[in-house]
Amino acid sequence: MRILGDGQMEPDEATESRRFSRTSMPGPLQGDGQDVTTILHLVHHLIHDEEDDEEGKDRPSQPMQNVGEQGHMALLGHSLAAYISVLDRERLRKLTTRILSDTTLWLCRIFRYENGSAYFHEDDRDGLVKVCRLAINARYEEYTTEGYAVLSSKQPMIYQSASCRPGLGQHLCSQLGLPLSSLCTVPCNTIFGSQHQMDVALLDKLIKEDIDAGKLPLLLIANAGTPGAGHTDKLSRLKELCDQHSIWLHVEGVNLATLALAQVTSAVMAATRSDSMTLTPGRWLGLPAVTAVSLYRHEDPALSLAAGLTSSQPVEKLRALPLWLSLQYLGHNGIVQKIKHAAALSQHLLLKLKSVACVRTSVEDEQNSPVVLFKFSQELCAGSSGGSVDGFCAGEKEVLDTFNKWLAEELAHLVPCSGVDVVEHEDEGDWVRFSPLLTAAVLGTQQEDVDELVQKLLELVPMMSSTMNLRQDFREETHRRAPFLTYIEELSWPGLGAVRYESQAEGIDESRREQELKKINKALLTKLQELETDIFFSSGPEFVTEENCIFVGMVADDVDVSELVDTISTLGRDIEESGRLLENMTERVRKGILEAELQLQKANEEKLMEEGMLRQLPLVGSVLNWFSPVGSSIKGRTFNLAAGSLDSTDVTYSTKVQAGRTSLQDTPTLSSKRVSGRKLFRRPGVGSDSMSETSSIGPADETSREECTSVSTNLLPSMTQPDKLDHAARRPPNIQGTPDQVEAEEERQPEGQEVDLSGR
């Protein structure tokens, strides 16, 4: 088990295992069989080898759970159970009875459930199914002989809280063969008390209505720690109500783990009076492959046997063996210490969250709650700097839920040992959940991990707040730049917003426009991702409703939204007009080639007319050209890409300069200060680094360059003789002669070829 768990093999064994690749694995079963070593090598390879398919390449491999010594003890129990099952019947009966009785006694004492029996089951819902069948057998006396026919006289009713696990009641009805009309979901409190606790007064009313309708209230499912919020129902009042109407009370939830502690809240302590409850010690203690346990009280063992809670088969009693070994390995103190450590982590996080701004917590009992829910709330930091806060955007609740989902994913990625996840509540939106009783034992969560979690939260929350504040500004700035930009309302994107650049091309069909739009926005996204900025640009989530959009991620409070949107618009126009220029240039080149072919054909015809037919014959033409040479009259041609014209090369050879040279860079481009090496889109005066970086490339430098250029061009006409001599000493090496000759030579330079008099 250690070799398989650690992934370590001997060097020669590792070399041997290379034979077991996915492509070389045999399909049919081999005829002669294989030895144990070869089979174990194959198992090792299947466990630790990375997937070869495409999905495996993109998905990072997840490390195996570090089960530790206590986990090995639990895994050993499965092997021992298989071994014990081959013993003789009498010895097997004694051994299984001892294991079952010991485990039941220990669990009842640890979790304060006196005089209880235990049922061990793999599916944590299976215990509730068997308990409900026991309740049916107890309430319907003729059920064992008449079966489901007796249920038609009085329909059994099962009550559950609206905060129960999703699908629990439906699973129960399907396993028992009951109609869904037998399931009654009781709403939670909406005015008084917790919004996750069952409304006891309404439950009492529903029970009385069912009794008046000729139905039989059978079972009530209560929570000691709801799956989402970790809240506990009013179990004392529920027990009194169940005793009044002879209803079976079943309790489940993560808070039942705190029954093992020395100090237990009265709300959870009331669970010990219930008729049954389901425990999951494997998750609480970090024990792999350990069954769940349902503790129950009933006096008639025959009904328990009929319900399937007990079995006469000794092999089925061996389900308790892994837990029996693990409990002995940990001991009572070790069990209590693990649960106490998890509860302390929740209290430590709750204490730390009180000092974090813009974070709201939701706990039932701050002193003892083992589950902590927290979420980012813009209402708590509406006075933060940056942006407008006059209503953040339409669908604010959906946006906040999206932000909190992103927060949970980021925290889980940055601090994987924390075990945080996201839970959805219909009325309160999405929350980040920290439930160490379910994760700490497996992940090995320590107090340092909680401190790191709070530190990462302090880094993420200000960015979320500033992004929420600037969303409205981003929308308004995008609307100002219409029709070039279109704001996209995408509530499922955790960021500043989404924008799409609209093509300004006219006279094209819809399919061509769609292709052009996709091409431009794809190139625009690439350009934005290449900028030196901390802002994240993306093509959007996987199941986005809008296509060809650019999604802007989280931003800091010093981001200049106007400059950001202006950059997107300018880059979009630059890309579009560059593409249009390329298309125009392509058309010009095509027309130029056709025109050049026509002129060459015309020149050949003129040559034939001038030289005559005899000069075209190879032998005769050579003799005539020897005695009477002729000068070539063919003129060279040059193609001007900017003008799209075919010109003569006479001017080029006479002046040594290509005529009509113009710059092709006449399309709008991003200014130099925006593509420099500094972080972009920062408002001036916010950070010291933005001030220092922009100071060297700001408007003052550009003005100074213009002044320097004007001085250099206007300096020549007004120079005196000493100035000319000084200039002669600093003239470029390719200009020779006296100062007067230098001045005359400079006047002959073509436009754009002035000698730089400033020495640069």
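Colleague: Start with aspartate 473. Buried or exposed?

Modeller: Aspartate 473 counts as buried, because its relative accessibility is 18%. Buried means under 20% relative accessible area, exposed over 50%, and partly exposed in between, with a 1.4 Å probe and protein chains only.

Colleague: Before I go on, what sort of model is this?

Modeller: It is a predicted model, where local features need pLDDT of at least 70 and side-chain atom pairs count only at pLDDT 80 or more, while totals for chains, interfaces and linings use all residues. Residues are numbered from 1 along each chain as its sequence is written, and side-chain values use heavy atoms, with hydrogens and water left out.

Colleague: Fine. Which element holds aspartate 473?

Modeller: Helix α19. Helices are DSSP runs of H or I with at least four residues, strands are runs of E with at least two, and both are numbered from the N terminus.

Colleague: And how far apart are aspartate 473 and aspartate 560 in space?

Modeller: They are 9.9 Å apart, C-alpha to C-alpha. In sequence, 87 residues separate them.

Colleague: Zoom out. How many helices and strands in the protein?

Modeller: There are 27 helices and 17 strands. Of the 760 residues, 41% are buried.

Colleague: What share of the contacts is between residues 24 or more positions apart?

Modeller: 69% of the contacts with a separation of 6 or more. Contact means heavy atoms within 4.5 Å.

Colleague: And the accessible surface, what does that come to?

Modeller: About 41,700 Å², with 52% of that belonging to carbon and sulfur atoms. The areas come from the Shrake-Rupley method with a 1.4 Å probe.

Colleague: Now helix packing. At what angle do α6 and α16 pack?

Modeller: About 35°, with the axes 10 Å apart. α6 covers residues 89–110 and α16 covers 321–353. Axes are lines fitted to C-alpha atoms, for helices over the stretch in contact, and angles run from 0 to 180 degrees between N-to-C directions.

Colleague: Left-handed or right-handed, α6 past α16?

Modeller: Left-handed. That means the near helix is turned anticlockwise from the far one by less than a right angle; clockwise would be right-handed.

Colleague: Which residues in α6 meet α16?

Modeller: Ile99, Asp102, Thr103, Trp106, Leu107 and Ile110. Their partners in α16 include Leu321, Trp324, His332 and Ile335. The residues of this contact divide into 9 nonpolar, 3 polar and 1 charged. Here Ala, Val, Leu, Ile, Met, Phe, Trp, Tyr, Cys and Pro count as nonpolar, Asp, Glu, Lys and Arg as charged, and the others, Gly among them, as polar.

Colleague: Next pair, α7 and α9. At what angle do their axes cross?

Modeller: Roughly 55°, and the axes come within 10 Å. α7 and α9 are therefore oblique to each other. Angles under 35 degrees count as roughly parallel, over 145 as roughly antiparallel, 65 to 115 as roughly perpendicular, and the rest as oblique. The crossing of α7 and α9 is right-handed.

Colleague: Which residues of α7 meet α9?

Modeller: Leu128, Val129, Cys132, Arg133 and Ile136. They meet Leu168, His171, Leu172, Gln175 and Leu176 in α9.

Colleague: Which residues of α9 are buried?

Modeller: Leu168, Gly169, His171, Leu172, Cys173 and Leu176. Their cover includes α7, β2 (156–161), β3 (183–186), β4 (216–223) and β5. Just after α9, glycine 177 has a positive phi of about 75°.

Colleague: And α18, what covers its buried residues?

Modeller: The cover includes α13, α16 and β11. The buried residues are Pro436, Leu437, Thr439 and Ala440. Glycine 444 follows α18, with a positive phi near 70°.

Colleague: What about aspartate 430, buried or exposed?

Modeller: Buried, because its relative accessible area is 5%. Aspartate 430 is in strand β11 (residues 429–434). Leaving aside neighbours within four places in sequence, its contacts include Lys375, Asp401, Lys405 and His425.

Colleague: Last one. Where is serine 246?

Modeller: In the loop between α11 (235–245) and β5 (248–252). Serine 246 counts as partly exposed, because its relative accessibility is 45%.
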